[in-house]
Amino acid sequence: MQASLYANLRRKIIVILAATAILPVLLLSTINYLEFRKTFATESHNPLRAMVSKSKNSLELFMAERSSTISLIASAFSYEDLADARTLQRIFFVMQKEFSGFVDLGLINEQGTLVNYVGPHKELLGIDYSGQEWFHKVRFQNRFVSEVFRGFRLFPHVIIAVQHVTETGDRWIVRATIDTAQFMKSMTVATFESDSDIFLLNRKGILQSDSLFYGKTLEQFPMPVPVQSYETRVINTHDHNNEPILLSYCYLEGSDFVLVAIKQDANPLQSWFMLRTDILLILCISILVIYVVAARTVGTLIARLEASDREREQAMLQMEHSQKLSSIGRLAAGVAHEINNPLAIINEKAGLLCDLLEMEKEFPRREHFDSNLKAISSAVTRCRDITHRMLGFARRMDVKIEELDVNAVLSETLLFLEKEAQHRSVAIIQELADGLPHIACDRGQLQQVFLNVLNNALAAVENGGETRIRSSLHGKDAIAISITDNGTGMDEETKKHIFEPFFTTKKEQGTGLGMSIIYGIVKRHGGEILVESEMGKGTTVTIILPVGHLPAGA
Ligand code: ADP
Ligand code: MG
């Protein structure tokens with residue numbers, strides 16, 4: 001539960017830290033991405049847009065020049081002049097000299113008959129145009145520019161027809177044929193790179209000039225005609241082969257023409273994609289680095305926090321425990337002290353009664369009294385023993401520190417227990433290491449430690465069991481004494497409370513002071529007690545004492 005608390009805290013801090021660091025990076029990358037995309041678009045679109053705009057201006061100028069020349073001719077000369085073959089020939093000669101592209105020139109009267117003609121198709125003279133659509137258009141609008149068509153001629157051409165109306169209401173039409181293909185070709189050659197194509201379309205999608213990649217004049221353009229716009233537009237799209245293209249176009253005013261320029265669009269996009277991948281890569285690496293750094297730092301911090309929390313908790317527990325022991329010790333000492341006086345009185349009075357019994361020759365129930373007095377005496381002795389131990393627990397006994405050989409003290413202690421062990425045929429096996437360094441300790445206290453532990457071991461084993469005593473060097477400057485029995489063992493609850501004063505599982509037989517007393521002694525000597533036990537198998541109590549350590553307060 002505690003661990004999940006720290007994990008939670010860790011996760012939260014990492015998320016907050018990483019988010020605050022990653023957010024600006026993400027924002028910057030997005031802005032960068034959008035800006036770059038815009039720049040890329042304009043950069044690749046601009047040259048094509050400029051091409052189309054320039055070509056449109058040239059083309060419009062080309063058509064306007066020719067159209068106004070014809071208009072000028074129609075109004076500057078009289079019908080008679082224009083009907084004269086030699087005059088018209090001369091006019092056509094000047095026109096061809098001044099402007100390129102004129103193929104022929106003709107005069108059409110009010111009825112629609114071609115009355116005069118200069119050009120390669122003399123056979124047209126006298127032909128009647130009154131039934132043709134363009135004738136009605138020019139009558140109505142005064143000016144007409146045709147789409148590209150072949151007509152009687154062998155090459156695609158455009159006709160411009162202008163009607164002149166005098167004040168008196170006479171009217172005639174001057175008509176010229178212009179070769180636009182020539183003009184477009186010169187423009188393509190002059191302006192564009194090999195991968196771009198510029199051409200004219202009409203609104204029905206019929207090519208009005210030769211295209212490099214999309215067909216010849218008068219063929220159908222393989223893509224749909226772009227939506228009407230008199231402004232130059234650039235769009236990223238795909239051609240009929242699904243190749244990416246950049247298409248720029250513009251509708252020409254006063255005619256059916258659409259000027260179109262197309263450029264293969266692989267390169268700019270490719271470099272754009274590369275840049276986008278770069279940005280994405282940098283972004284991913286930054287996010288990864290930020291996350292790893294945040295996770296590492298926070299991980300270390302939380303681990304330290306957890307460790308220090310745990311240490312503090314441990315110290316608190318330790319303090320609580322020693323506080324408990326010391327207050328119980330003080331209480332025990334007080335009780336022992338108080339009880340010692342009445343005990344002494346009881347003992348004294350019992351002794352007195354004994355003496356009185358001796359003096360009296362004839363006492364009716366002598367045996368009865370005698371045995372009762374003995375019982376009182378032995379109970380008092382037992383009480384004395386307990387109070388004595390209580391005082392020992394409270395450190396009220398005299399202490400004398402000596403350099404002691406642990407093995408020797410163990411052997412001395414065993415003398416007290418030999419009788420009982422023999423009687424119960426409990427084997428006591430000694431595995432004592434030779435040449436152990438001496439330890440600084442009070443002999444009585446050390447004996448008490450060993451005696452208490454051995455007593456417990458003997459109490460735990462059945463008759464015929466065994467107790468093993470081992471002494472050895474523990475690390476460089478400590479000695480370990482372990483006492484192992486194959487007795488009852490302890491359950492978890494007993495292990496938890498084993499060092500508490502007055503904790504016993506032996507009811508009337510036990511005082512519950514043995515382990516708590518030796519705990520105090522061993523701690524005072526800077527040592528440690530370890531208890532390992534398994535129910536039904538046995539117990540090992542290990543006492544570790546430092547070499548040459550002078551106990552506190554000695
Ligand atoms: P007491 O021996 O008077 O009961 P102690 O403080 O010496 O008090 O021991 C406390 C309790 O620890 C004992 O009552 C017993 O339950 C348990 N105990 C101590 N040593 C052993 C052992 N070697 N085997 C089994 N239980 C033990
Ligand atoms: Mg005991």
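This is a predicted model: local features need pLDDT of at least 70, side-chain atom pairs count only at pLDDT 80 or more; totals for chains, interfaces and linings use all residues.

Q: What is the phi of F502?

A: Most residues other than glycine have a negative phi. F502 has a positive value, near 70°. With a relative accessible area of 41%, F502 is partly exposed, because that class lies between the limits of 20% and 50%.

Q: Where does N142 lie, and what is its phi?

A: N142 is found in the loop between helix 4 (133-141) and strand 3 (143-145). Its phi is positive, near 75°, and the residue is not glycine. N142 has 37% relative accessibility and counts as partly exposed.

Q: Which residues touch the most other members of the largest nonpolar core?

A: A nonpolar core is read as a set of buried residues joined through side-chain atoms. In the largest one, with 41 residues, L446 and F450 touch the most other members. Elements giving two or more residues to this core include helix 6 (266-359), helix 7 (366-393), strand 14 (478-485) and strand 16 (538-546). Helix 9 provides the largest share, seven residues. Beyond its neighbours within four places in sequence, L446 is in contact with L404, V409, I439, C441 and L545. Another core, of 37 residues, lies apart from this one, and I73, V162, M184 and I198 are among its members.

Q: How many aromatic pairs are found, and how is the geometry of a pair read?

A: The whole structure holds 11 aromatic pairs. For F213 and Y214, the ring centres are 6.4 Å apart and the planes meet at 85°, so the pair is edge-to-face. F213 is partly exposed, at 42% relative accessible area, whereas Y214 is buried, at 5%. The pair of F499 and Y519 is tilted, with 4.9 Å centre to centre and 40° between the planes. This second pair links distant parts of the chain, 20 residues apart: F499 is in the loop between helix 10 and helix 11, and Y519 is in helix 11. F499 counts as buried at 15% relative accessibility, and Y519 counts as buried at 15%.

Q: Which residues form one aromatic cluster, and which ring has the charged end of R66 over it?

A: The cluster consists of F199, F213, Y214 and F221. The charged end of R66 sits over the ring of F62, 3.8 Å from the ring centre.

How values were computed: Residues are numbered from 1 along each chain as its sequence is written. Chains are lettered from A and ligands numbered from 1 in the order in which they are written. Side-chain values use heavy atoms; hydrogens and water are left out. Helices (H or I, at least four residues) and strands (E, at least two) are DSSP runs, numbered from the N terminus. Buried means under 20% relative accessible area, exposed over 50%, partly exposed in between (1.4 Å probe, protein chains only). A nonpolar core is a set of buried Ala, Val, Leu, Ile, Met, Phe, Trp, Tyr and Cys residues joined through side-chain atoms within 4.5 Å. Contact means heavy atoms within 4.5 Å. Rings of Phe, Tyr and Trp (its six-membered ring) pair if their centres lie within 6.5 Å; planes under 30 degrees apart count as stacked, over 60 as edge-to-face and the rest as tilted. A charge sits over a ring if NZ of Lys or CZ of Arg is within 6 Å of the ring centre and within 35 degrees of the ring normal.
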